[in-house]
Amino acid sequence: MSADAPRRGLGRGLSALLGDVATEQPLAPGAPRPAGIQMLQVAAIEPNPDQPRRHFDEEALADLARSLGERGLLQPIVVRPHPRHGGYQIIAGERRWRAAQRAQIHEIPAIVRELNDSETLELSIVENVQRQDLNAIEEAEAYQRLVNDFGHTQEALGKLVGKSRSHVANLLRLLDLPQSVRSLLAEGRLSMGHARALITSPDAETLAEQVVAQDLSVRDTEALTKKAKPAGKGSGPSRATPAAPPVADADIQALERQIGDILGLKVQIEHTEKGGKVSISYSTLDQLDLICQRLSGEPI
């Protein structure tokens with residue numbers, strides 16, 4: 001999306017991006033359809049491969065399909081003309097479209113909107129976040145794409161989804177976790193609190209397995225992570241000159257979180273009696289540029 005393109009609806013939610021159609025009001029059976037709602041063939045609609053939601057609960061889908069078989073689809077989905085060929089691509093409502101297929105419904109109500117890729121992703125995120133349909137990793141990955149591919153700032157993302165900038169920053173930090181830990185979080189076997197406690201651990205995978213196996217609380221996980229940190233990296237014998245124990249470890253961790261929330265990146269502070277260092281991890285040049293802008297005081 002170009003810098004000169006109008007930012008339609010950023011921070012104003014579904015109603016701004018969709019126009020005047022009240023998508024949250026179900027259609028009464030037999031009632032006339034409001035202007036802007038069309039009946040489309042299910043077969044002419046395709047899901048969006050960039051849809052932020054990856055997991056669909058099979059049992060919930062089956063329940064919805066049974067409901068649709070009895071009452072039909074009372075709430076329209078949102079689509080756009082397919083950007084590469086004929087037909088339509090889903091912007092919001094893939095779960096309803098999947099359930100309609102299972103219920104062997106051939107036509108469903110839809111709102112057709114002309115949106116570009118960035119606006120399509122924005123609307124998909126807003127709809128799923130408002131419905132609480134995304135797990136933390138899906139939400140974080142969607143935010144990361146808006147940052148990397150479309151140049152959104154964390155402040156703009158917070159306004160878009162109605163969340164604080166620190167909420168967005170904390171979610172983005174989850175992407176620093178190893179893939180196996182992210183999978184446990186996506187599956188619901190770890191909570192957001194568990195994951196945040198594990199972010200600064202040098203051996204998050206091992207600790208995550210222990211947390212799941214022993215069904216540890218978030219507080220227990222924080223204590224476990226704190227206990228593991230002085231051991232350092234590796235499991236070999238102690239070095240001849242071991243590192244000094246961390247000073248005011250709880251305060252250091254609080255500083256790490258505070259700086260990490262400001263930057264939206266993983267921050268690690270190593271402090272000893274003789275001084276220390278601050279490490280900031282980044283994965284893209286855009287993130288490095290953000291760090292430089294923060295340090296130089298340039299406007300972002």
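**Helix packing, cores and sheet**

Guide: The axes of α5 and α8 cross at roughly 120° and come within 7 Å of each other. The model under discussion is a predicted one.

Visitor: How many charged residues belong to the contact of α5 with α8?

Guide: On the α5 side the residues are Ala-136, Ile-137 and Glu-141, and they meet Arg-182, Leu-185 and Ala-186 of α8. By class, the contact of α5 with α8 holds four nonpolar residues and no polar ones, and the number of charged residues is two.

Visitor: How are α6 and α7 oriented to each other?

Guide: The axes of α6 and α7 come within 8 Å, and their crossing angle is roughly 110°. This value lies between 65 and 115 degrees, which means that it belongs to the perpendicular class. The orientation of α6 and α7 is therefore roughly perpendicular.

Visitor: Which residues of α7 make the contact with α6, and how many residues of the contact are nonpolar?

Guide: From α6 come Gln-154, Glu-155, Leu-157 and Gly-158, while α7 supplies Arg-165, Val-168, Ala-169 and Leu-172. Sorted by class, the contact of α6 with α7 has two charged and two polar residues, and its nonpolar residues number four.

Visitor: How many of the eight residues of α6 are buried?

Guide: The buried residues of α6 are Gln-154, Ala-156, Leu-157, Gly-158, Leu-160 and Val-161. Just after α6, Gly-162 has a positive phi of about 70°. Helix α6 is mostly covered, and its buried residues number six.

Visitor: Which element gives the most residues to the largest nonpolar core?

Guide: The largest nonpolar core has 35 residues, and Ile-125, Tyr-143, Leu-174, Leu-177 and Leu-198 have the most contacts inside it. Two or more residues come from each of α4, α5, α6, α7, α8, α9 and α10. With eight residues, the element that gives the most to this core is α5.

Visitor: With which residues is Tyr-143 in contact, leaving aside its neighbours within four places in sequence?

Guide: Tyr-143 is one of the residues with the most contacts inside the largest core. Leaving aside neighbours within four places in sequence, the contacts of Tyr-143 are Ile-125, Val-129, Leu-157, Val-161, His-167, Val-168, Leu-171 and Leu-172.

Visitor: Which are the edge strands of the open sheet?

Guide: The open sheet has five strands in the order β1-β5-β3-β4-β2, with mixed pairing. Strands at the edge pair on one side only, and they are β1 (37-41) and β2 (45-46).

Visitor: In which sense do β1 and β5 pair?

Guide: Five bridges join β1 to β5, which covers residues 107-112. The sense of the pairing between β1 and β5 is antiparallel.

Visitor: At what angle does α3 run to β4?

Guide: Helix α3 (residues 94-102) lies across β2, β3, β4 and β5. Its angle to β4 is about 125°.

Visitor: Is Leu-74 buried or exposed?

Guide: Leu-74 is in the loop between α2 and β3. Leu-74 and Ile-108 are 34 residues apart in sequence, and their C-alpha atoms are 8.9 Å apart. Because its relative accessible area is 18%, which is under the 20% cut-off, Leu-74 is buried.

Visitor: What are the phi values of Gln-104 and Asp-215?

Guide: Most residues other than glycine have a negative phi. Gln-104 lies in the loop between α3 and β5 and is exposed at 64% relative accessible area. Asp-215 lies in the loop between α10 and α11 and is likewise exposed, at 67%. Both phi values are positive: near 60° for Gln-104 and near 55° for Asp-215.

Terms used:
Residues are numbered from 1 along each chain as its sequence is written. This is a predicted model: local features need pLDDT of at least 70, side-chain atom pairs count only at pLDDT 80 or more; totals for chains, interfaces and linings use all residues. Side-chain values use heavy atoms; hydrogens and water are left out. Two strands pair if DSSP finds at least two bridges between them. Helices (H or I, at least four residues) and strands (E, at least two) are DSSP runs, numbered from the N terminus. Contact means heavy atoms within 4.5 Å. Axes are lines fitted to C-alpha atoms, for helices over the stretch in contact, and angles run from 0 to 180 degrees between N-to-C directions. Buried means under 20% relative accessible area, exposed over 50%, partly exposed in between (1.4 Å probe, protein chains only). A nonpolar core is a set of buried Ala, Val, Leu, Ile, Met, Phe, Trp, Tyr and Cys residues joined through side-chain atoms within 4.5 Å. Angles under 35 degrees count as roughly parallel, over 145 as roughly antiparallel, 65 to 115 as roughly perpendicular and the rest as oblique. Ala, Val, Leu, Ile, Met, Phe, Trp, Tyr, Cys and Pro count as nonpolar, Asp, Glu, Lys and Arg as charged, and the others, Gly among them, as polar.
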